[in-house]
Amino acid sequence: YLIEGLKSLTTQTYDNIEAIIVDSSDVDWLQSLANNSPGVEYVYQDPCGLSAARNRAIEEASGGYITFLDADDYYADTKIKSQVNALQDAFDIVYSDVYDVHPDGSVQYRTAMPVNNPDEHHTFFFRRDGIAGNVQISSVMVTRDCLRDRRFCEPLASREDFHMWTRLFLD
């Protein structure tokens, strides 16, 4: 869905978008795709894991808000504008429900984890392990300040997002 993902950035109802592709896959055609996508910055780094690629994107980004779009995701047209508006209302992190689109064309709606008690949300999220809802990486937007001293844990081969969200919810 990489092409659909890039197209979904061009149809956003929010205009001021900085798009950075961090290529740590060593796929030959990815740089060409990025170069032919207006407004997309291409950054190559040696393959060293998903967390390292996410961290590199954070370092390269210059905007006040950061969101992540993996190669198998794309955004609804109002995603960025809605989340920027929420962050401007004094939140540091927001996330949303998602739709999973399966290869057979079927669609599954997944509800995001509710915030019943903000002071205990990190504990609830950690203990429930995402069972009581979901915080999909492509649904998250955070302020740059929120990530100032935080990065994805590079030794983790998976669940790096779960680890990051638990730490962010704690604060």
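**Nonpolar cores and helix packing**

In this predicted model, Leu147 makes contacts, beyond its neighbours within four places in sequence, with Ile58, Ile66, Phe68, Val142, Met164 and Leu168. Leu147 also belongs to the largest nonpolar core, a set of 21 residues in which it is listed, together with Phe68, Val135, Val142, Trp165 and Leu168, among those with the most contacts inside the core. The element that gives the most to this core is helix H6, spanning residues 160-170, which supplies five residues. In soluble globular proteins, nonpolar side chains tend to be buried together.

The packing of two helices was examined next. Helix H1, formed by residues 2-10, packs against helix H2, formed by residues 28-35, at an angle of about 20°, and their axes lie 12 Å apart. Because angles under 35 degrees count as roughly parallel, H1 is therefore described as roughly parallel to H2. The crossing in which H1 passes H2 is right-handed. On the H1 side the contact is made by Leu2, Ile3 and Leu6, while H2 contributes Trp29, Leu30 and Leu33; of the residues in this contact, six are nonpolar, whereas none is polar and none is charged.

A feature of the backbone was found at Arg159, where phi is near 65°, a positive value in a residue other than glycine. Arg159 is placed in the loop between strand S7 (141-143) and H6, and its relative accessible area of 41% makes this residue partly exposed.

Conventions: Residues numbered from 1 in each chain as written. Predicted model: local features only at pLDDT ≥ 70, side-chain atom pairs only at ≥ 80, totals over all residues. Heavy atoms only, no water. Core = buried A, V, L, I, M, F, W, Y, C linked by side-chain atoms within 4.5 Å. Buried < 20%, exposed > 50% of the residue type's maximum accessible area, 1.4 Å probe, protein only. Helix = DSSP H or I, 4+ residues; strand = E, 2+ residues; numbered from the N terminus. Contact = heavy atoms within 4.5 Å. Axes fitted to C-alpha atoms, helices over the stretch in contact; angles between N-to-C directions. Parallel < 35°, antiparallel > 145°, perpendicular 65-115°, else oblique. Left-handed = near helix turned anticlockwise from the far one by under 90°. Nonpolar A, V, L, I, M, F, W, Y, C, P; charged D, E, K, R; others polar.
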